[in-house]
Each structure stands twice: as C-alpha cells, then as structure tokens.
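Dear colleague,

I am passing on the structure below, and my notes on its aromatic side chains follow it. Please read them with the model open beside you.

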Amino acid sequence: MYLYSLTLQRPGGVVCATNGNFVGGKTQEIVVARGKTLDLLRPDESGKLQTVLSVEVFGAIRSLAQFRLTGSQKDYVVVGSDSGRLVILEYSRERNIFHKVHQETFGKSGCRRIVPGQFLAVDPKGRAVMAAACEKQKLVYVLNRDAAARLTISSPLEAHKTHTITYSVIGVDCGFDNPVFAAIELDYSEADLDPTGQAAADAQKHLTFYELDLGLNHVSRKWSEPVDNGANLLVTVPGGGDGPSGVLVCAENFVIYKNQGHPDVRAVIPRRADLPAERGVLVVSAATHRQKSMFFFLLQTEYGDIFKVTLEHEGDRVSELKIKYFDTIPVTSSMCVLKTGFLFAASEFGNHALYQFQAIGEAEDVEASSATLMETEEGFQPVFFQPRGLKNLVRIDQVQSLMPIMDMKVLNLFEEETPQVFTLCGRGPRSSLRILRPGLAINEMAVSQLPGTPSAVWTVKKNVTDEFDAYIVVSFANATLVLSIGETIEEVSDSGFLDTTPSLSVSLLGDDSLMQVHPNGIRHIREDGRINEWKTPGKKTIVKVGSNRLQVVIALSGGELIYFEMDMTGQLMEVEKHEMPGDVACLDIAPVPEGRQRSRFLAVGSYDNTIRILSLDPDDCMQILSVQSVSSPPESLLLLEVQASTGGEDGADHPASVFLNAGLQNGVLFRTVVDMVTGQLSDTRSRFLGLRAPKLFSAIVRGRQAMLCLSSRPWLGYIHQGHFLLTPLSYETLEYAASFSSDQCAEGVVAVAGEALRIFTIERLGETFNETVVPLRYTPRKFVLQPKRKNLIIIESDQGAFTAEEREAARKECLEAAGMGENGSANNGDQMENGDGDDEEKEDALSDEQYGYPKAESEKWASCIRVLDPRTGNTTCLLELQDNEAAFSVCTVNFHDKEYGTLLAVGTAKGLQFWPKKSVAAGFIHIYRFVEEGKSLELLHKTQVEGVPLALCQFQGRLLAGIGPILRLYDLGKKRLLRKCENKLFPNTIVSIHTYRDRIYVSDIQESFHYCKYRRDENQLYIFADDSVPRWLTASHHIDFDTMAGADKFGNVYFVRLPQDVSDEIEEDPTGGKIKWEQGKLNGAPNKVEEIVQFHVGDVVTCLQKSSLIPGGGECVIYGTVMGSVGALLPFNSREDVDFFSHLEMHMRQEHPPLCGRDHMAFRSAYFPVKDVIDGDLCEQFPTLPPDLQRKISDELDRTPGEILKKLEDVRNRII
Amino acid sequence: MSTFGGDSWAREAQNRKRRVDDLMLSTSSSGDASSPSFKKLSSGKYACLVCSHNPILDTPLMLSIHNKGSRHIAAQSRVREKELVKQDELHKRTALSADACSLSSSSSSTLQAKHSGHHDKPLTQKTVKVILEAQSNVENPDVASTIHNSKTRSALCDPKFIPTNVIREPSGNVSLQSSMSNEKKLLMAGTADQKMLVDWHSELRKRQEKELKFTAAGWKRDCHGKWYKDENVEFDSDEEDPNITLR
C-alpha cells in the first residue's frame, strides 16, 4: 500500500508570532509560525487579516524573531527550528516567497536539550542575534552588511555554560554600546551532585547579562544576579536615549525592573478577586509599544488579563513601576502591537483575533505600583480587581483556528452531496463543535421573491467608468424585469429595455450604451435614449449570444452565426456571416484585451461534441483556428483571460494566458489553454463538478477575473496566491448568476434559484473548509453518533473548573460581595471606582468565552454529557456530572436480548489527579437509556470500577471496557454491570478498543496495538498478536480485518498489518491460536504485526477516520491534529502514479529544500524511517518553483510542467 | 532364468515365493490398506498389531498362519467392532454439531474466503467436507442442499451479529426443513422418522447453544457435569441456573 499524504486544512494554532515591516514600504505585517508552516499576515484597509503567504517548512518552528539593520527599510525574520540551523529569511515581494538569506548550521537536528533553537534574541539595533538552547548552549552571531548592502553573518561565538537551564532570553536595548543579551538561568550542577536533595531545594534562578564585545569579537558573562524563582519571562525595556534600558523580569505574582547597577523596582501583579489563594499569577505573553516620546508594555497573564506596565524614569533611573489593568482577552501565545494601532492576539487555543486600540489605558483603573507595594509578614499585599468588558480594545477581525482538534468524525448527517466533518475543537470555555464542509463560505446579503420563475439574470453598468452596476435585469419565460440598483433595489420601466419578451443577453456596449438581445432581434439603447433595433431575417430566431464590450456574435436557429462589431460612431454593424454545420450549443467571446480593438477569438460549442475556436480578425474572419472534441455536448463556454502580473495585490506573478472553460452536459468542467497567437488548444483538464451541466459565468474576485460554475452546487474558479483554485461554494443550487457590485457590496454575486433572487458575497478565499460553530461548555473529549436519531453525544470535562451551579452560586455571591467590598474599601485609591449598578451590568456582559472560567483547585473537575442535534445545533439534553466526576469515554451499546435497545455507556473518573502522582478516587461506568426519541438521557445505573475507564466498545452484545491495564467484558445486569470476563495482561493503559467480527483490537497508551479474540466456550479473552514497537498511541482506527492505523504522540502516523499467513493460521486454528498464546514469545503475544506504512506528520494526530470526502471519490484516511490541521492519506491505485510521485518527490527534495533548513527526508523520518508515503505537501510546492526549475524537473520526469500540474490537480481532486 | 538351468534356481524360486508371499500378505491381511493388521519391522520380522500382546513372527508364512489362528480372529473382530462404534459415534457427533459449528466455521471460512478461498485451508476444508458428507448420509440430498444454502446465506449476513444468528439461524433451518419434510410426508410415507431425527438434532443444537451461553455468562462445569459459578465472574440476582434449566 502506497499513500499520498496531503494537508487539507493548514494548522490554525500559532506557536509564535512577530511583527514588523517585511514587505518594505509603510505597511505592517505579522509573521506567524504554526508549527510547521510559516505565514505572512497583513491587515488590509478594512481591518481584515489577509494571509499573504503560507509556506510549509517541513520542520518544527520553535521561535521567531525580527530584526532590521540600521538604516535599512525592511525587516528580516530569524527562524529557530528543530533543524539545528539558524535561518534568516527575507520576504520577496516580486515572487511572493520567503527567500533564505542565510542558513547557519550549529548542531544536530531535532528538538534536543542542548541544541539551540528554542530561544532567539536579537539586539534591538539589529547587530547580533543569540540562539539559545534549553540547556547549556548559547550562540551569538554578529550581523553586518557588506559593501553591496547585503546582510552578512559571522561565525558563531559561544556563550555556553554547562549545567544551566535557560528560561528566557532577550536582547537588552543599550543603544549603540556593545550588544547585551539577558537570560534567566538556573544552575543545577550542585543539585545534580547532592544526593540529599537539599541543593535541589535551594536552587536559585539568576538573571545573567551576556555582553558581545564587538571590538574583541567575544562574548562574556557580564553580570549575574539572583531573581525570584518564579521568573519565567523577560521583556526588553527601551534604552539608548529612549528609555532607561534594562529588563522587566516577569515572575509569579510580580513584575520586577532590573538593570545592572540599579536597585530592583518591584510591583505586584493584580489578582482576580475570585482566584483561589493557591494559584499564582504568571505572565504568559508580552508586547511592547514604542513611540518616540513614550513606551509601554502589555503583559498578559495566564488568565487572559492584560496589564499595561509603565515605568516612571528620569534618564536611566527608574523610580516607579506601575501595573494597570488594561483589558481581558483570551489567553494568547503571542501578542503583536502594530504601529498602525492594531493588536494581533494569537490565541493559545481557538480563534485568533485582531483588535484595534480605542484607548491606551489612560482612564482610571485598578493599578498596582512599586511605590505602594506593602510587605506584611505573610508576604506582599496583593491587589485585587474584577475583570470588566473591553474598554481599550475593540475586536475587528477573527482568524479561524480549529486548534486543538480533540475528536473528529466524517459523516453525511445532512444528506448533502459531500459529507461533513464534525470536529470537537478548543479547550475550556472556548471549546466548540465545528461542522466543516468542503467549500467556501457565503455571506448572503439579500433574498427576494420574484413573480414567477426567472431563467436568467444580468447586471449592467450605465457607463464603463462607473464603479457600480446600475441595473439588475431578470429574464422570465416571456418577460424581462429591470431593477435599478440604488439605496434600495426597485423595479423601473424607463430603462429602454423591452420587457415583453424574454432576454438572451443584456450587457454594456461601447462606453455608455446598453444592449438587449432577445429571440427576435438585438435592441441597442444609446446613451441619449435612441433605440436601434436589429431584426432577425425571416422566421429564424436568435438562440445563443456571445458578446463583449465591442463585439457581438449571435447564433440563429439552424446554425448561422452573425458577427457584429461596434464602429467609430457607436453603431453596431454586421461584419460577417458564417454557417455552422449544425445548431450551436453555446458560444463565447473573450473580453477585449487592454489597448486592443477587438478580441481575437470566438469559441463555439456544437451538439456534435466539438468546440471550435474561430478567428474574429478582419484578415481571416470566421476562419476555424482549432477544433477540440469533447466527451459530451458543451452546455456553456467561458473564455477567461488571466492578465500577466508581477507582484500584484497578492504578490504573485503569472504570465498572461487565455483559458477556455466549457461546461459539458455530463457535468464535467473542461478547461484548456488557448494559444494567444495561433488559437491552438493545449493542456486540457477536466473535472467532474456535479450531476448538472455546469453553466459558466465570469465574476470578479479580489479585483481579478474569476469564474462561477453552476452545477448541482456552485463552484468558484479563482486565483489565490498564484494558484488557480476551483472550489465549491457552500450554497444551494443556483440557476443563473452574474457578478454584482454596489456601494454596499463591492464584489458580490447576484443569482437566481427557484423563484428567488439572491445576492451574496464569497468569503475567506483560499480556505478548504467553511465551518459552522456550535459552542460547548467544557473541553470536549469524545463524541459518538446515536445511530437511530442521528444525534451527537458529546462528553466534555475540564480540570480545575467549577461546575455550572457552583459558578452561578459563586457569581451571585461575588456580586454581593463586590458591592460590600467596594463600600468597605472605598478609601483604597487603587480600587475600582465604578458605580455598583454599572459594575453589575458589565458583570453580566462577561462571557466565559472571553474571560475564561473562574479557576478552582486543580483536583476539581467539571464535566457534562451533552446530546446535540447537529441539524439545528440545539442541545436537547445536558447532564452535568456531580461529585467531582469527569467523563473520559463514551460509546453506544446494544446488549443482546435485553429489552432496552441502544444504550449509552460513559466512563468517568472521580477525583482524578495527575500531580504529584496520578491517582483516582474511583472510576465508574454509567449506563444511560435514551428517552424522548433519543433527545434525552436517563441514568439506568452506574457501576464502580477500580480505574479510569478510558475505552469502551460494544462487542457481541456486551460491553468491552479498558480500565487501566485490564480489558474487561461486561454484561448488563439489573442494578449494575456484571463482570463476565477479563484479561489483565495489557502492559500499561488501554486507550481505545475497536472490534470487528470476533476480533478485538486494543490500543495501549505506550505499547501500540494488541489483537485479541474472545472464546465463548472457554469464556476467555486472549491476545494473539501485538506490535514489536512501543508506540505511544494518541489515535487509532480500524482499517480492515488485519490492519490498524495509529498515530503516536510524537507526530507519526503508521499502519500495522497482521501477516496474511499468520492471520489465516489464527482463523483456521480450532484453538484460535490459543496453544501458541500459552507459549507466548518474549513476554509478548506469539505473533507480531508488521508495520506497512510510516509517516511523520510533525504534529500530534488526535483522531483518524477512514472516509471519502467527495462523492464517488476513493476512501482515504482523514486525520486531525492538535494544531488544528486536517490532512488526508490517499492510497494510490496505480503503480505508475506511485512511480511518478516518488520521482517528483525526490526531485523536489533535491531542488527545493525546505525553508527552515531541515532535510525533508529526515523530517518525514524523524522517529522511524518513512515507509510508502509520498509527501503531497512537498509535491504541491512544485508550482511555486521558478519556471526554469520546473522545466528542469519535468524534463527529468519526461513530462511538461503542465502535465505535472495536471497530475497534482488530479490527485488533489481525488481527495477533495 | 531358471528355465535356462544353472545352480541358482532354488534361491530364485525362494525369492519368487517370498515376493508372492509378500504380495499375498499385503492383499490378504486386511481390507483397507490404510490400517494394516501387522507391521514389518526393520529386522525383517513381522509384528501383529491386532492382537493385544503384539506377537512378533519371523516370516510371512508364520504371520499368515498366526492370522488364521482363532485368537487372532477373535481379536480382529473386537477391533473391527470398536472401529465401527467409533465411526458411528463420529458420524453422529459431526452430524449433530453440524450446524452450530458449521456456522462458526463458515463465518471464519468466509473470512478466509475473502482473502484466498478455501483451497489452502485443509482443516477447514476437511471439516466442511465431513459435515457435508455426514449430513448427506443422514438426510436426503435435498435437505442437505437446503442446509448448504442456508449456510451460505448466513455467511452473507453481517458477522457482527453472530451470536444472535447462532441462535436464530438454525431454528430457521429447522422450520424450513420440517416444513419441507412435512410436504414430503404428504407425498410419500415413511419420512416420519427422518423428521424426528431432524427435531432431535435441532433440540441438541439448541441445548448446545444454551450451554455455550452459560459458559459465556461465566458458568463452569465440574467433573460430574454439574454447573457452578466462576468466582471471578459476577451474576445477576435472578440469573438462570443451568443446573435447573438444562436438566
């Protein structure tokens, strides 16, 4: 089995982000690392974040930094990854790529303790960069420029110190003095040597300054001083005239200003009033805002509260440090303050957000200051605050992120053309069920009913220079309706259009006249109101029309073509006639190219399954230039011209070309390139779109020509980041469409379907899926489908949270207490001064999603079981588990010859604790009955078990449960589950169970798969095969009788298969291999499964599913990952394809090494050698290569670049 | 050879006689060649396998004389009787357990059939053959073929529901068979005993299935055939007691 791996949805989570001016000019961009992809984002004029570039780097990006050489206009990106190399990237606007400027190797690849890459720090003046490892190693590179102003990099200078753990590294701003780097370090050499543990308990963190002496070209430890042991993060304080220099040390509960030769200035971080005393407050991310005259810091705590930190200073003496409550947003992994007044918050989990600053926290609020810091015998006096609604920030855009995907199922519950992907995403209060559908999202702006069933719709401008359309013209079976577009859309009769006949085409002709083509003639409406009418000769009627701004071609019944052209006076003149052999099925003229008089090509489709290209040049007018035969009569034609561009809006460049698109009656879209000079057709591609013949319309998307194809569902063909994409729209079937532009909606589409006129816009271009979000209460763990009623049953559980009732009670109490407390402590100037009523109002507005749940002790759990109707998104039943129980596993089960029918089994744990040692008070298996037609649940009974039941599964009318290392078979009893049979021989903990026929496939948390059988006559469960590789399983899926697919926590996906002969032997053996099992082999099962597929995804896969995403498409394995990406593994079905793609992959590896410096082969084989999987993500980078390189590779493969692109498109179309 | 004269005729004649003896011995010793009544030892002597004390005889002649002896004949008839009884028992058992195990074996064999067919599964093949033979011996070919059909039909069923199938399918067969034999009874007399046989079979099968259900539910049997509860297994308060149900 050979598989083709393809990422369908890029990861959504963000590991780290940095902002700067990477493009050049005045714009501000953000570079975000999403694990293994690097994205360049830019907020556009309307405040929407646009992804300018997204590159897969085939390595794990661990840190990012940005720097600028003095006097330069552009920022560089430094990438620290697992490649053992330091990479400096520059964004190339012309080619829309990241260009690798330098790549310096310093160590082994992989995420290792002592190989740098985890931390990066740059000198604020861009003179040096430090790459540090978690332990021991620190390397400093000096950055400079040569005579040609190119960036140069020195060989590394070492600043190693053994037995030292590093927590944070930054560059200290000290103007143009020698660059200084600061680090929080912990020396463990003594702790290592002291067996009593005393030294370990006494270990102390230090803040160390490293100075790079540019004169001596040497790094020295300049200064080291103890800091709080809770210190975790450093923030650079501006220096060199702009500020006092030095660093802010963020520690648990405190922020401390430190500098060499300066006393500490310490202030306490305000605490939420409802925070348990045992919990500290840690800063998790920081951003600095600098202007010429002032600077401040925004620090976010682990609860999401942002504090504004300001320093009172005179010269380089800091007198006071103030921490003021700013706002609360979801916890971020990284924050970027843009100079344009935006804050990009890359969320730790869930959607990211772009905020605009309304104010910079000048207003009165809770403030802690170093001046008012009070020390008592219990420590420092804390300052309390209550979170409130956003005051300084306003959210203007969201970036979708599925991170983390906890569970996923591909089902077609809504009976649509393609199945839906149901994913459980997010964490805590931000968790959600997201229903993903392949296709682009639609924003419906208006739907209005029409009198009758329209057959077609057009939009026209009054003048070519107009920005917006003037009329919407709707044609019915025997009438035409004209609507004018203004403030509102209303019917008009003074437009000059003939309304007593159906229309065939309506368009703008010349600069300012309108044309209506109806079956009996052409009506030409001049700007001054004069009307010229051309009548068809004899009894013939017009059947088809093709037109652009200056040319019109009509096809009469019988197959006669008449060609009109607009002359100098604005008159439509008949130029040429041409008799076609038969009736014309469809025709189209390309738009007039820029600076030309006419378009050269006319495409005519006939019912004899051919498409002809005719010339419209005066020299060889109506001569057939080329003929293309197709598989079925064409229904609709569209000539799409792609203008040549270099570094356009999306920065991509592509040569000019004309594409002929044809929608065939068998539902296939046929696409071919028209040679601009000769009119020859080449490079044909076809794709099945749906059961109806696609009708093609041109539209404008992001200022470019695009194509709408209306088949059984609408599709959009458009260019995104230099690639032509053909994607379905998530909308109903449409009849006819036209592009639409008005002042409310610049780039919309007007369409007719049924009796309605619909206006919509297309959103979030470039995405594979669009999503419907249903919010959930706690972190979702697993879900199952109730087979009969098609409801979803979701189990959710959160550690350290209060249950809903407790929260409600606490909130009430808190409200009362807040009123009391405020009165009591009115003398404290730092307290909030809001009125009570105001406060209460805001309290109610606080959404858990934004502010997080109040924190409870870590051994407290909150959990619920939810029955959700996916069609409406309504929760029909929500059972909150009581008594500190949390649900971990769920399955539906039909017990044999018991009266209840389908029951629900839920495995729970009570009082689960992970630290200091994993312990559990009790485990339970709840059995619920479905009542009210599966909408609700009723507890039948609950059975106590000795561990956490992490896996449940139905087997032969009974329930199999994995409880710790025990696999147990339960039967349903009257008051409890009855233990019938068990096997205690599993190595660690059973995490999932699959069954198929009489086989049981058990996944162990650390030891991969175990294949088991149950013997009825002996009432015994026994293991007959297992894996020889210890895999730490995170996901598993049953593929076939002998094969299982699994994913481990190191980011590998693998398939194991029981060898055929062994499988036969087991099936044939009357003892079922029992005799052999009794012998065993090397403490394991007698038989071993073989690994048949192995692939390093580079991201922890949490769920696997075998499914097909397109109707009639091949089945593939779909996976979801922690970072929120969705990928697919498609089995190849021909040997040639395997050969072709493995060769392409090989050439791509050689010619286009990954951006972060990790060897591609090494990355895909990070833990185990890659086996029989071809990396589609690498192959799909082929179109981004420069043309000469493309040609070189294609020559090696004995093909043309076009053929390779076609192959890549084909294989993608097989998956989605 | 000897016709040409010479000294060696006697030895040759002796050899010829021995050869004839050998042949005579192998043909006359017993009907089926699969289980000869004697064994030729490596020393050239013969051991009688029928008699309980396995006498060793020096020549074929002596063996043939021994074979004609009354003690040997008595031993032989005993052995034959034993074998016949065994054969009968075997037939009976395979016929009785035919459907219950044919289902399980057919389910497994269909699995295999999915992969590579029956051909390289000698054991499965053999079992299937024996069952078929036994069934066609016991019942008339029509019934056997219906059984065969129903077997393939059940194999097509979703194997997830094996346990319920095991319970239901055979009874379905029985009704089918009994209805068929009912028709037969109308047509020709003398099939009543056949029907009884079928009933008896299904009865047995049901009982077997019940027993299996009890073992799966955690009951065990002691050496006297009495049922007792496995101490590692839990039971409902009103669980059926096989000692009563299966009386």
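The charged end of Lys409(A) lies over the ring of Phe783(A), 4.8 Å from its centre, where a charge counts as over a ring if NZ of Lys or CZ of Arg is within 6 Å of the ring centre and within 35 degrees of the ring normal. Arg999(A) likewise has its charged end over a ring, that of Phe1041(A), at 3.9 Å from the centre.

This is a predicted model, in which local features need pLDDT of at least 70 and side-chain atom pairs count only at pLDDT 80 or more, while totals for chains, interfaces and linings use all residues. Residues are numbered from 1 along each chain as its sequence is written, chains are lettered from A and ligands numbered from 1 in the order in which they are written, and side-chain values use heavy atoms, with hydrogens and water left out.

Over all chains there are 33 aromatic pairs, counted when the ring centres of Phe, Tyr and Trp (its six-membered ring) lie within 6.5 Å, with planes under 30 degrees apart called stacked, over 60 edge-to-face and the rest tilted. Tyr4(A) and Phe1132(A) form an edge-to-face pair, because their planes stand at 70° with the centres 5.7 Å apart. This pair links distant parts of the chain, 1128 residues apart.

Trp1032(A), by contrast, counts as partly exposed at 31% relative accessibility.

Best regards

Notes: Buried means under 20% relative accessible area, exposed over 50%, partly exposed in between (1.4 Å probe, protein chains only). Helices (H or I, at least four residues) and strands (E, at least two) are DSSP runs, numbered from the N terminus.
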